[in-house]
Amino acid sequence: RVYVTVDLEPSYALGSSTKGLARFASRPPSFLQLREDFKRLGADPGVAGVILRAPTLSMGLASSGDLGALIDGLRAANTHVVVHAEMATTAGLHALSRADDVVLTPAGRFYSFGLRFDQLFAKDLLERVGVKAQFIHIGPFKTATHRFHKQRPTAAQELMMRGLHAELMDVVTDSLGARDGSSQERARDALANAPLDADAATRYGLATGSAYYPELPRWIARVAGLTPASASGAEDPP
């Protein structure tokens with residue numbers, strides 16, 4: 001049985017269009033294709049595990065949650081999932097922490113500072129170019145157009161954004177804390193002390209250990225109790 005290496009893309013489109021000239025264009029893998037690849041890997045009795053080589057993931061929390069669900073599916077199929085990362089942000093860790101083992105390269109860092117929301121208001125800018133936005137405002141919590149006719153967030157908008165931020169932080173810290181059975185508080189402490197090197201990430205439970213990619217077969221052999229030969233068969237996904 002072998003370990004198969006999958007190089008993750010920074011982000012994935014939901015699906016690739018095959019209409020018109022798009023069918024002749026070079027397209028990156030889609031999320032749907034990744035899902036099918038994971039299903040085949042999980043169903044293949046010859047695959048003992050999957051190594052996910054992860055660059056800096058640039059996807060949002062919703063997409064990273066979907067990627068985490070795919071990793072859960074592999075693990076449910078009794079496939080050992082090992083992530084090898086050079087660095088990761090908060091959204092990336094939200095997905096990658098679902099693996100059995102997260103191995104950070106010795107020179108790597110986890111740049112996980114929590115979540116931040118940015119809100120831009122263009123009222124003054126529009127007035128300078130002679131544009132005045134006109135909308136029908138139907139309620140204090142209908143704030144989609146505020147960016148065009150307000151200079152700052154209203155009290156209702158701040159209330160909504162603070163509530164959304166708190167809920168998303170709970171989602172992230174629950175995910176990170178569940179990795180090693182620790183608490184939300186420990187996960188929040190890890191985010192507060194970022195960036196984390198490999199040793200710090202391991203102490204906080206966000207990583208299992210550190211190794212360079214060529215060292216992974218021996219690292220896996222030691223962790224999974226395999227011989228180096230049986231852990232060295234890295235292939236492309238079927």
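Author: A residue is called buried when its relative accessible area is under 20%, exposed when that area is over 50%, and partly exposed in between, with a 1.4 Å probe and protein chains only. By these limits asparagine 78, with a relative accessible area of 67%, is exposed. This is a predicted model, in which local features need pLDDT of at least 70 and side-chain atom pairs count only at pLDDT 80 or more, while totals for chains, interfaces and linings use all residues. Residues are numbered from 1 along each chain as its sequence is written, and side-chain values use heavy atoms, with hydrogens and water left out.

The buried residues of α6 are Ala156, Gln157, Met169, Val172, Thr173, Ser175, Leu176 and Gly177, and their cover includes α2 (61–76), α3, α5 (146–149) and α7 (184–192). Threonine 173 counts as buried because its relative accessibility is 0%. Leaving aside neighbours within four places in sequence, threonine 173 is in contact (heavy atoms within 4.5 Å) with Gln184, Ala187, Arg188 and Leu191. The C-alpha atoms of threonine 173 and arginine 188 are separated by 6.4 Å, although the two residues are 15 residues apart along the chain.

From α3 (residues 90–96) comes histidine 94, which counts as buried because its relative accessibility is 6%. With neighbours within four places again set aside, the contacts of histidine 94 include Val171, Val172, Ser175 and Leu176, and also Leu61, Ser64 and Gly65. The side chain of histidine 94 also makes a polar contact, at 3.0 Å, with the side chain of serine 64; such a contact is a pair of N or O atoms within 3.5 Å, where within protein one must be able to donate a hydrogen and the other to accept it, and residues adjacent in sequence count only if both atoms are side-chain atoms.

Methods: Helices (H or I, at least four residues) and strands (E, at least two) are DSSP runs, numbered from the N terminus.
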